[in-house]
Amino acid sequence: MRRSTLSSSRSADSMGTSEFVKWLRERDNYEPGIWPPKAWEPILCEIGRIVFNWNIAEQNLTNLLNVLIGGEHRAIIATAHMGNRTKTDALKTLALEYLSGDEQKSVTHSVKVFERLLGRRNHYVHSFSGLSSDITGSNRAAKLRGYQAKGGRLGQKIQTISAESLADEAKLLHAANRYFALVHNHFRYPENPEYQDLPEEFPLPDTLSLPLHFVLASPTQPQSSPR
């Protein structure tokens, strides 16, 4: 069995992507396949739209926080070390301590919308594991499956969703991004007449609610300690 040897100057764990693919091809004539397959592309495209629009949502909320902190690179350095939960907590505190009236309401509402979308995004991105086996052709759908521990029990949420419904999720994110951007612009460009009025309040998205199916039929009873 023929095996290629790696260059002495590069090890297997320090290859660039193109080098790694070339190494795979040389190693036992292995040709890397395309995975996921092309048949999945309608679903993958919509999952990609959700990821893309979510990244913009995160950036819009970060931009708003940067402006309320005071802008400039010092604010960017601070927020670069924050996760989403810390950012939303900071925005709520800044709004309650330093803003009032409609401005306070617009920031706190932006946070509420973002937090609702965060739960939906986590489900669609982290739970996507494949296509449903019973749906083919133009009706192909994504299979979403995620585990959750709740109340001391191990549960699983399962959902089968079409490409069209995933596209609607991406559209929801895109529309929310327009709202986030307008709220940010109101604080970032106070002298611009176009942004002096705050945007109409964005409808609060529903919380994504899926039934939790317990994995184990009944909780295992702890055994008594030997005496």
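## Overall architecture

Helices (H or I, at least four residues) and strands (E, at least two) are DSSP runs, numbered from the N terminus. Read along the sequence, the chain of this predicted model follows the pattern α-α-α-α-α-β-β-β-α-β. The chain therefore holds 6 helices and 4 strands under that definition.

Of the 227 residues of the chain, 32% count as buried, that is, under 20% relative accessible area, where exposed means over 50% and partly exposed lies in between (1.4 Å probe, protein chains only). A contact means heavy atoms within 4.5 Å. Among the contacts in the chain with a separation of 6 or more, 62% are between residues 24 or more positions apart.

## Confidence of the model

Residues are numbered from 1 along each chain as its sequence is written, and side-chain values use heavy atoms, with hydrogens and water left out. Because the model is predicted, local features need pLDDT of at least 70 and side-chain atom pairs count only at pLDDT 80 or more, while totals for chains, interfaces and linings use all residues.

The predictor's confidence in each residue, from 0 to 100, is called pLDDT. Its average over the chain is 84, and 83% of the residues score at least 70.

## Helix 2 against helix 4

Two packed helices are described by the angle between their axes and the distance between the axes. Axes are lines fitted to C-alpha atoms, for helices over the stretch in contact, and angles run from 0 to 180 degrees between N-to-C directions. Helix 2 (residues 41–69) packs with helix 4 at an angle of about 40°, their axes being 10 Å apart. Helix 2 is therefore oblique to helix 4, since angles under 35 degrees count as roughly parallel, over 145 as roughly antiparallel, 65 to 115 as roughly perpendicular and the rest as oblique.

The residues in this contact include Trp54, Leu61 and Leu65 of helix 2 and Lys87, Leu91 and Leu94 of helix 4.

## Helix 2 against helix 3

Helix 2 also packs with helix 3 (residues 72–80), at an angle of about 130° and with the axes 9 Å apart. This makes helix 2 oblique to helix 3. The contact is formed by Thr62, Leu65, Asn66 and Ile69 of helix 2 with Ala75, Ile76 and Thr79 of helix 3.
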